[in-house]
There are 2 protein chains.
Amino acid sequence: MTRPPRGREDEVGELRGAMQRTGRAAEKAQLRGDERSSTTALVSRGDARERLIRATIDLSWTSSYGAVSVDAICERAQVRKGSFYHFFASKDDLVVAALDAHWETRRPVLDELFSASRPPLQRLARYFAHISERQAEIRGQYGRVLGCFHNTIGSECVQRPPAVAAKAQEISLALRRYLETALRDAQAAGALPPGDPVAAAKSLSAFVQGALAQARVHDDLELLRQLPRTGWLALGLAGPPQQST
Amino acid sequence: MTRPPRGREDEVGELRGAMQRTGRAAEKAQLRGDERSSTTALVSRGDARERLIRATIDLSWTSSYGAVSVDAICERAQVRKGSFYHFFASKDDLVVAALDAHWETRRPVLDELFSASRPPLQRLARYFAHISERQAEIRGQYGRVLGCFHNTIGSECVQRPPAVAAKAQEISLALRRYLETALRDAQAAGALPPGDPVAAAKSLSAFVQGALAQARVHDDLELLRQLPRTGWLALGLAGPPQQST
DNA sequence: CTCGAACTTGACTAAACGGTCATCTCCGAC
DNA sequence: GTCGGAGATGACCGTTTAGTCAAGTTCGAG
């Protein structure tokens, strides 16, 4: 009765488990004892907060931070304005939480792709393939290629809401660290000539992020499909490695 | 008297000559005979229009399309709101004109850098060096690295104002064509192994644009300084070419 | 000098914006 | 059963937004 049964979204990844109050709720919740003994259910029954974050990701990824209003987010999430400000202190707070939540859904995927149990260059190979497949999926669900969420937001918000800018930077660095580790391991294994893995990761990251950005602007998957072949170029390799182990 | 002597901007490039009513003025100007015999001075004495475009570039490049209001642009340009809508039909119109005007200032620079009178790979070498130097200049003038104007706007506006999205796409393609031509010439000259120059240009463009985007997000010039060395990787070359002619 | 068109101006609007708040409902703990 | 706090609600506020407009001013052409 109170809630009209309008829910029919839930488009992309599993968000549910990944959100453990990352964005820390509104001021009230902070000022008082939010770190209470947790005998009470830590994961609340209602999922309004999750729906808000889901809506924020969907809307600001498909358009932009600036083009999405709190009202639009609330409408999509089927949450009233007042409830919104119960969970988040401001729009900036929401977007930071959305960036966090989205990153938390990506992390386990990256952990698997970059598992140390695989040969380092194979990690990259699977990463390239994954990006291409994932953006194809996204295009199917959202109707167009969207590229990288945190980088899109980050490029838009370099200056204006400092908290958002900082969060986007942080995530961008965290992502780069996966590449860095793989490259270092590759050098140690002799699969890659010695050199500065940090610089190489920057270079590779620029290539991948550039491909994603171009794919977004032109709604073109072609570049990403080529990634498993061309991605190696940024490392000075002519093509994908052939060794197995 | 009528105009308080507040002008003291004029920060980056020469915009003056490059703006020949690219953005086509407001509806009134379109509906009536704007294509009149041009015996009257085509370039008007007042530079309000140019100041508006200059302000738009500065403000939306340093922050974003969505974060800049018409009021802010007018204030910076020292132009009243009414005058604004005399020259432009809408905010979108302004931004499209700004993208156009900015591109017009870049074009002669690119024409020189990619002059057919130089060996093709040397064109690229000079392009890489130019990007690095230019962004360093921009950082000096604007206080931070800004990356690529049309790509920043384009990534933000992929969806929302269709005219802006289309213009950004168009410019992005135009830029890529410079690379394409150079790569084709390089292959013809035997300086590069044969292959699809369109795909190679996409690849190289992704790398360069990615480096610029990363430089913007992290306010970091390092990646761009490395461009003259690492740019070649995206083409499968280990380093800058040594030949002269 | 006169005329018309380019240009300028500031006051104006309606809508949208982010954010607030008193009040109510629900539900587990005691 | 009752108590307290998390959650939910819709009316509300002041500001800012893009865009309008009637009434000017400026100025070159005839």
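Predicted model: local features only at pLDDT ≥ 70, side-chain atom pairs only at ≥ 80, totals over all residues.
# Notebook: a helical two-chain model

**Entry 1. Helix α3 of chain A.** Which residues of α3(A) are buried? I looked through residues 70–77 and listed Val70(A), Ile73(A), Cys74(A) and Ala77(A). Next I looked down the helix axis. The buried residues of α3(A) fall within an arc of 100°, so they line one face of the helix. I set a general point beside this. An α-helix has 3.6 residues a turn, so residues three or four places apart point the same way. Then I checked where the helix stops. Just after α3(A) comes Gln78(A), with a positive phi of about 55°.

**Entry 2. Chain A as a whole.** How many helices and strands does chain A have? I found ten helices and zero strands. Along the sequence the pattern reads α-α-α-α-α-α-α-α-α-α. Chain A has 245 residues, and 52% of them count as buried. I then looked at contacts between residues at least 6 apart in sequence. In chain A, 71% of these join residues at least 24 apart. For the surface, I noted that chain A exposes about 11,600 Å². Carbon and sulfur atoms supply 51% of that area.

**Entry 3. Where chain A meets chain B.** I turned to the contact between the chains. How many residues does each chain give? Chain A gives 36 residues and chain B gives 36 residues. I counted 16 residue pairs in polar contact between chain A and chain B. Which helices of chain A supply the touching side? I found that α7 (149–156), α8 (162–188), α9 (197–218) and α10 (222–230) of chain A each supply at least two residues. Of the helices, α9(A) gives the most to this side, with twelve residues. I also looked for charged pairs across the contact. There are two salt bridges between chain A and chain B. One salt bridge brings together the side chains of Lys202(A) and Asp220(B), at 2.8 Å from N to O.

**Entry 4. Salt bridges within chain A.** Over all chains, I noted 28 salt bridges. I picked a few to follow up. Asp47(A) pairs with Arg51(A) in a salt bridge, and their closest N and O atoms are 2.6 Å apart. Asp47(A) counts as partly exposed because its relative accessibility is 22%. I then went to Arg123(A), whose side chain meets that of Asp185(A) in a salt bridge of 2.9 Å, N to O. This pair links distant parts of the chain. Arg123(A) sits in helix α6 (residues 120–142) and Asp185(A) in helix α8 of chain A, 62 residues apart. Is Arg123(A) buried or exposed? I read 4% relative accessibility, so Arg123(A) counts as buried.

**Entry 5. Helix α8 of chain B.** I moved to chain B for another pair. Arg184(B) forms a salt bridge with Glu180(B), and the closest N and O atoms are 3.2 Å apart. Both residues lie in helix α8 of chain B. They are four residues apart, about one turn of the helix. Arg184(B) has 40% relative accessibility and counts as partly exposed. Glu180(B) has a relative accessible area of 15%, so it is buried. I also logged a network. Salt bridges with shared partners join Arg54(A), Asp58(A) and Arg76(A).

**Entry 6. Leu183(B).** I ended on a residue in helix α8 (residues 162–188) of chain B, Leu183(B). Leu183(B) has a relative accessible area of 0%, so it is buried. What does Leu183(B) touch, leaving out residues up to four places away in sequence? I listed Leu124(B), Leu192(B), Pro197(B), Ala200(B), Ala201(B) and Leu235(B). I also checked Leu183(B) against Pro194(B). The two are eleven residues apart in sequence, and their C-alpha atoms are 9.6 Å apart.

Definitions and conventions:
Residues numbered from 1 in each chain as written. Chains lettered and ligands numbered in written order. Heavy atoms only, no water. Buried < 20%, exposed > 50% of the residue type's maximum accessible area, 1.4 Å probe, protein only. Contact = heavy atoms within 4.5 Å. Arc of directions from axis to C-beta. Areas by Shrake-Rupley, 256 points an atom, 1.4 Å probe, with all protein chains shown as cover. Salt bridge = Lys/Arg side-chain N within 4 Å of Asp/Glu carboxyl O. Polar contact = N/O pair within 3.5 Å; in protein donor to acceptor, adjacent residues only side chain to side chain.
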